[in-house]
Every structure is written in C-alpha cells, then in structure tokens.
Amino acid sequence: MGTGRNLEVKPSSEYTFLVYASPVGNGLKGVLNLMVEDNVHRATPGGTGGIKAVTNYSPISYLDALTGSNIEECSGCNIFILKVKLMRVLEQFVGWIGNVISTPTTHGTILPGITRKSIMEIASAFGYQVEERAIPIKEVFDAEEVFCTGTAMIVKSVASITYQGKRIEYKLGEETLAQKLHATLTGIQTGVIEDKLGWTMVID
C-alpha cells in the first residue's frame, strides 16, 4: 500500500508491503439457507469475480450477469449440486447410471478456490462423476443435495434455497455427501486420513 507523504493523483513516493498469517476458524456454524438474487449481479466478465476481494462477499446466491438464469457463487464460496443421472433410450427410462456432482465453470466471474478443486478431486476419487458447467437455477429444485465450499467453511450443506418465493429444502446430517467430503478433506489436512492424492509434504 502507498504510505508516502503525498496526496496527489500520482504514484506514491513510498510503499509498505504487509503479509498477515492467521489461523482461520469455521466462518459459518449455523444452518446455511440461501436466497437467490435475480435483480442484481455479483460480477460481470472482465470484473473482479474471479479473485478474492471484499466486493465478492455477501449472504446471497447470485445468477450470472449474461443470461440471468445460471447459478454462480454464493457468499464467499463455491456451490455444488448432487443429482442422480438417469439413462433414457427413446424417452423411456432404462435405469440409474450414477450420481453426478456439478459446479459452475470458472470463467472470470467465479473464484477458482483451492477448496473447490480439492473437493472435486476427492469426489472423483469416491467414484462420483464431477462436471464443471453452466447450471440453470431450475436444476437446484430437483437436486438430491446442495453444498458449498470455501476456505473458512470447508464444506457446508445447504439447508434450503429460496427463489422467486419458492423454497426447497435439502437433507442435512451425518449421512450427506457434504459431511463425507468434509471429514475426508479435514482428515487429510490433519494427517488422520492417508493422503493418496499427493497433497501433503513432510517438512524436516
């Protein structure tokens, strides 16, 4: 930051570089209920949506600025939906082909968080199909589970989403995928669970 003794429209004559390091606790300990904002947009292409900035933090789930129909980020975290994918042949139901986890693609308006990346890799290791794609807001209403990821919350189940007066609730508790992912990631971080992904490094 500029700390020079000049108050003019020009580069500062002196700068101070500061780095703060601090433990981070769980920033959200209560139930996570989301409301979708469809009139105001959080970020636009070419803006600051893809970086960590104070302007990106608010307790709302936003839609994309281009179409106003796809979910992006919520608060300071990434969002995921879990759905059961069906196999259809000529519009006839054939069977289940597994669980699919989807999260919005990062294209400049969504922060490509390291927790997001870690959860995607763990979910893939569990055998889930993980997709990065545009997710229409209507898809959250038939999702099996919705959860968010972030540095402070790690992984957090979403209890409900409200959009245009319609509210849908999701399952919570120890049996959710979100809890399994949370336990696995924190277990790897603390050394309780073997790191088979090659993330940790022993320092002498």
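Visitor: What makes the largest pocket a pocket, and how much space lies in it?
Guide: About 270 Å³ of space lies there. On a 1 Å grid over the protein atoms alone, a pocket is an open set of points where a 1.4 Å probe fits, with protein on both sides within 12 Å along at least five of seven lines. This is a predicted model in which local features need pLDDT of at least 70 and side-chain atom pairs 80 or more, while totals for chains, interfaces and linings use all residues. Residues are numbered from 1 along each chain, and side-chain values use heavy atoms, without hydrogens and water.

Visitor: Which residues line the largest pocket?
Guide: Lining residues have an atom within 4 Å of a point. Of the 14 that qualify, Ile114, Thr115, Ser118, Leu185 and Gln189 are the closest to the centre. Helix α1 (114-126) and helix α2 (177-190) each give two or more residues, and α1 gives the most, with five. Helices here are DSSP runs (H or I, at least four residues), and strands are runs of E (at least two).

Visitor: Why are α1 and α2 called roughly perpendicular?
Guide: Their axes, lines fitted to C-alpha atoms over the stretch in contact, come within 10 Å and cross at roughly 110 degrees. Angles of 65 to 115 degrees count as roughly perpendicular, so α1 is roughly perpendicular to α2.

Visitor: What makes Glu139 and Lys83 a salt bridge?
Guide: The rule asks for a side-chain nitrogen of Lys or Arg within 4 Å of a carboxyl oxygen of Asp or Glu. For Glu139 and Lys83 the closest N and O atoms are 3.6 Å apart, so the pair is a salt bridge. Glu139 lies in the loop between β6 (129-132) and β7 (145-150) and Lys83 in strand β4 (residues 78-89), so the pair ties together parts 56 residues apart in sequence.

Terms used. Grid points are joined across faces, edges and corners, and a volume is the space filled by probe spheres set on the points. Axes are lines fitted to C-alpha atoms, for helices over the stretch in contact, and angles run from 0 to 180 degrees between N-to-C directions. Angles under 35 degrees count as roughly parallel, over 145 as roughly antiparallel, 65 to 115 as roughly perpendicular and the rest as oblique.
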